[in-house]
Amino acid sequence: AAGVPKASDIKVPVWAFHGANDQVVPVDYTDRSVAMIKKANLRLEIKYTRYNESPGPLGYPGYDGHASWMQVYAGEDVHVHGKTFKGHDGPDLIKWMLSH
């Protein structure tokens, strides 16, 4: 359609996060998505942080791995459902977003 840019013309950086133990959305979905974006050579920044273990959302202990966002935004270890999960130890996400 006229006026609609092609996906290859949009240069939005991507930083994906996923817990390998996610019981809701298999981590393979993000693995493959990131690999496809890289393979497409769209010349955009793509980062991927894959946690070995992430917590489940508060109140949903059976959804193990589905709350990797807790680790990302906390920037430190997260204590949920009686377990400790390693926090994000890379660059600050908010600073990274604002730098683009």
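Is Ile-46 buried or exposed? Ile-46 is buried, at a relative accessible area of 16%. Here buried means under 20% relative accessible area, exposed means over 50%, and partly exposed lies in between (1.4 Å probe, protein chains only).

The model is predicted: local features need pLDDT of at least 70, side-chain atom pairs count only at pLDDT 80 or more, and totals for chains, interfaces and linings use all residues. Residues are numbered from 1 along each chain as its sequence is written, and side-chain values use heavy atoms, with hydrogens and water left out.

**View 1. Ile-46 and its contacts.** Ile-46 sits in strand 2. Helices (H or I, at least four residues) and strands (E, at least two) are DSSP runs, numbered from the N terminus. Leaving aside residues up to four places away in sequence, Ile-46 touches Val-14, Val-34, Ile-37 and Lys-38. Contact means heavy atoms within 4.5 Å. Pro-13 is 33 residues from Ile-46 along the chain, yet their C-alpha atoms are separated by 5.8 Å.

**View 2. A salt bridge between Arg-32 and Asp-28.** The structure holds 3 salt bridges. Each is a side-chain nitrogen of Lys or Arg within 4 Å of a carboxyl oxygen of Asp or Glu. In this pair, the N to O distance is 2.8 Å. Both residues belong to helix 1 (residues 27-39). Arg-32 and Asp-28 are 4 residues apart, about one turn of the helix. Arg-32 is partly exposed, at 44% relative accessibility. Asp-28 is partly exposed too, with a relative accessible area of 37%.

**View 3. A salt bridge between Asp-31 and Arg-50.** The side chains meet at 3.0 Å, N to O. Asp-31 lies in helix 1 and Arg-50 in strand 2 (residues 46-51), so the pair ties together parts that are 19 residues apart in sequence. Asp-31 has 23% relative accessibility and counts as partly exposed. Arg-50 is also partly exposed, at 41%.

**View 4. A salt bridge between Lys-83 and Glu-53.** Here the N to O distance is 2.6 Å. Lys-83 is in strand 4 (residues 83-85), while Glu-53 is in the loop between strand 2 and helix 2 (68-74), so this pair links parts that are 30 residues apart in sequence. Lys-83 is partly exposed, with a relative accessible area of 39%. Glu-53 counts as partly exposed at 35% relative accessibility.
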